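Okay, everyone, thanks for coming. I'd like to walk you through a few spots I've been looking at, so let's get the picture up on the screen.

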Amino acid sequence: MNRRHFLGLAAGGTFAATAGTPSLLQARSQAGDQSMTTETSYALTRPAYIDQSHLVVKDLALVSGFYQSMLGLKVIEETASGQVLGVGDLPLLTLTTANDAAIAPRNAAGLFHTAFLMPDRAELARWLRHAAQNNVVLDGASDHLVSEAIYLSDAEGNGIEIYADRPHEQWKFRQDGMVEMATLRLDLQALYDSAPDERWGGMADGTAIGHLHLQVGDIPQADAFYRDVLGLKLMASRPGASFFATGGYHHHLAANIWNSRGAAARADNMTGLSDYKVRFNDKATLDAAISKLDALEIKSEKRDGGTFLKDPWGIGLTLSA
C-alpha cells in the first residue's frame with residue numbers, strides 16, 4: 001500500500017474500524033536498541049494521575065487481540081473473567097467479559113477515549129509507522145499545542161488516543177492558571193517520515209495512560225464532582241467539555257457531553273469503561289479528597305487497597321496512594 005495514500009485517507013477518517021490477528025512482539029531492547037527512554041512522564045509525576053483502566057467487552061479475544069497487535073500491549077495476567085494488559089510488568093488496561101454484557105449505546109455515559117501517553121515523539125512516530133504498515137484505521141489526528149495526538153477505536157468501538165506531550169516548558173498558561181490548548185491539523189506525513197525505518201517492537205517502557213476522556217450527562221455536574229469534590233483543577237474549558245488535572249498537567253481527566261448530553265447512570269452490564277484507578281503521589285492530596293467524600297456523605301468503600309466510589313454516571317474509580 002502507498003503509505004502516503006494511507007495517511008491521507010486515515011486523516012480524513014475514510015476507513016472503517018478493523019482488528020488484526022495478534023502478532024508476536026519482540027522488545028527492541030532485545031535487539032540492542034538504545035533509543036528507548038524510561039524517564040517518567042511529566043503526567044505521572046503530578047500529585048495524582050491515572051493509573052489503570054478497566055473495560056467490559058463482549059468478545060474478549062477480539063478486543064485483546066487488537067490491543068496486543070495494534071497497540072503493542074502484552075498480556076501480563078489472566079483472570080477468571082478476563083485479562084490484564086500492560087507494558088513490561090506494568091498493568092495499564094484490564095479487559096473483562098460476562099455472559100450478560102450488552103453493547104453500550106453511543107450516547108451512554110462512559111468512555112470517550114483512553115489516552116495512551118508515549119514516552120516521547122519518536123515513539124509516537126514509531127507507532128504511526130507500525131499503524132500504516134498494518135493498515136490500522138485512524139479516526140483522526142490533532143495538534144493540541146501541548147501534545148500531538150492520533151485517534152482510533154478498538155474492535156468494539158472504544159475510543160483510543162495515542163499521543164506524545166510536547167515539553168512542559170513549551171506550554172503556555174493563562175493568568176488564571178488554565179493551559180492553552182487547541183485542535184489543529186496534525187501533519188501525519190511529517191510525523192510518519194520522522195520515524196526510523198525499522199521493525200516496531202511494541203509499546204516502549206515508559207508508556208502510560210496519560211489521561212481518560214469521559215462521556216457524561218452534564219458539564220456543571222462534572223465540574224462539581226471532579227473539581228469541587230475530588231479536588232482536581234479545571235485546566236481548560238470548551239463548549240460542552242471540561243479538562244481537569246493536578247499539578248499543572250494539561251489534563252488527567254476530561255468530560256464532555258458531545259454525544260451524551262443528559263445521559264443517566266450506566267447499567268452495570270454495559271460494555272465500555274467500568275472503572276479506573278487514580279494514583280496519588282501526594283498522600284495529603286488523597287487524604288483531602290477522601291475527607292471531602294466523607295463530609296459530603298458520598299458513598300465509598302475500601303477496595304483493592306484504596307477507596308472505591310462511583311461518579312454521578314456510575315463510572316467507578318479507586319483512589320489510592
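Let's start with a pair: the side chains of Arg279 and Asp51 meet in a salt bridge, with N and O 2.8 Å apart. Arg279 sits in strand β14 and Asp51 in strand β1, residues 48-56, so this pair ties together parts that are 228 residues apart in sequence. Keep in mind that this is a predicted model. As for accessibility, Asp51 comes out at 10%, so it counts as buried, while Arg279 is at 25% and counts as partly exposed.

How many salt bridges does the structure hold? There are 12. Another one pairs Glu148 with Arg166, and there the closest N and O atoms are 3.6 Å apart. Glu148 belongs to strand β7, residues 147-153, and Arg166 to the loop between β8 and β9, so here the parts being tied together are 18 residues apart in sequence. Glu148 counts as buried because its relative accessibility is 6%; Arg166, with 23%, is partly exposed.

Then there's Arg174 with Asp176, whose side chains meet in a salt bridge at 2.6 Å, N to O. Both ends are partly exposed: Arg174 has 44% relative accessibility, and Asp176 has 40%.

Okay, on to helix α6. It covers residues 283-295, and at 1.5 Å a residue those 13 residues should span 18 Å; the end C-alpha atoms are 18 Å apart, so that agrees. Which of its residues are buried? Leu286, Ala289, Ile290 and Leu293. Looking down the axis of α6, the buried residues fall within an arc of 95°, so they line one face of the helix. What do they pack against? That would be α5, β14, β15, β16 and β17. Over on the other side of α6, Ala284, Asp294 and Ala295 are exposed. Following the helix you get Glu297, which has a positive phi, near 55°.

Last stop, Gly206, in the loop between α4 and β10. Its relative accessibility is 29%, so Gly206 counts as partly exposed. Leaving aside residues up to four places away in sequence, Gly206 touches Ser41, Leu117 and Pro119. Take Leu117: in sequence, Gly206 is 89 residues from it, but C-alpha to C-alpha the two are 8.6 Å apart in space.

That's my tour, thanks.

Terms used:
Residues numbered from 1 in each chain as written. Predicted model: local features only at pLDDT ≥ 70, side-chain atom pairs only at ≥ 80, totals over all residues. Heavy atoms only, no water. Helix = DSSP H or I, 4+ residues; strand = E, 2+ residues; numbered from the N terminus. Expected span 1.5 Å × (residues − 1). Buried < 20%, exposed > 50% of the residue type's maximum accessible area, 1.4 Å probe, protein only. Arc of directions from axis to C-beta. Contact = heavy atoms within 4.5 Å. Salt bridge = Lys/Arg side-chain N within 4 Å of Asp/Glu carboxyl O.
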